[in-house]
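Take a walk through this model, starting from one residue and its contacts. Keep the structure open as you read.

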Amino acid sequence: MACSLSCPLNGETNIDKNAEEKPGGQTILRNKAPRWHEQLQCWCLNFHGRVTVASVKNFQLVATCDPSQPGGKGDEDSVLLQFGKVGNDLFTMDYRQPLSAFLAFAICLTSFGTKLACE
């Protein structure tokens with residue numbers, strides 16, 4: 001999964017008077033790469049206890065740097081959005097800035113549209 005969004009620089013919001021005059025940074029969100037778990041002999045993501053059921057719909061998105069855009073910045077270790085299964089037809093979503101609740105929920109909904117027959 002990959003998402004592209006425009007973000008204000010230096011904590012600015014659209015409410016700021018000069019926000020229209022300043023170019024915002026471009027943020028690219030990509031799936032966090034899983035790590036090999038020696039004991040389980042499988043690829044795993046660490047959801048820190050928030051996700052309890054294995055599912056193809058589970059994912060974590062991290063920001064990556066887009067060098068072609070001014071102010072593009074990223075941190076491969078900071079998870080901006082994580083979504084995962086916690087029960088039968090029950091999921092959890094955790095997000096943080098620069099994502100809004102609406103945008104995070106919309107991104108999570110896309111995981112259902114492409115994986116209908118996977119479970």
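Start at L61. Setting aside neighbours within four places in sequence, L61 is in contact (heavy atoms within 4.5 Å) with M1, C3, L29, R30, N31, S78, V79, L80, L81 and I107. The model is predicted: local features need pLDDT of at least 70, side-chain atom pairs count only at pLDDT 80 or more, and totals for chains, interfaces and linings use all residues. Residues are numbered from 1 along each chain as its sequence is written, and side-chain values use heavy atoms, with hydrogens and water left out.

L61 also belongs to the largest nonpolar core, which has 13 residues. Such a core is a set of buried Ala, Val, Leu, Ile, Met, Phe, Trp, Tyr and Cys residues joined through side-chain atoms within 4.5 Å. L29, F59, L61, L81, L99 and I107 touch the most other members. At least two residues each come from β1 (2-7), β5 (59-64), β6 (75-87) and α1 (101-113). Helices (H or I, at least four residues) and strands (E, at least two) are DSSP runs, numbered from the N terminus.

Now take R30, a contact of L61. R30 lies in strand β2 (residues 25-31). R30 is partly exposed, at 43% relative accessible area. Buried means under 20%, exposed over 50%, partly exposed in between (1.4 Å probe, protein chains only). Beyond residues up to four places away in sequence, R30 touches M1, A2, Q60, L61, V62 and T64. R30 and T64 are 34 residues apart along the chain, yet their C-alpha atoms are separated by 7.0 Å.

For C3, the nearest cysteine sulfur is that of C108, 9.4 Å away. That is too far for a bond. C3 is buried at 15% relative accessible area, and C108 is buried at 2%.

Next, the backbone. A cis peptide bond joins Q97 and P98, with omega about 15°. P98 sits in the loop between β7 (90-95) and α1. Two residues other than glycine have positive phi: H48, near 55°, and D89, near 60°. H48 is in the loop between β4 (42-44) and β5. D89 is in the loop between β6 and β7. H48 is exposed, with a relative accessible area of 65%. D89 counts as exposed too, at 67%.

Conventions: Disulfide = S-S within 2.5 Å.
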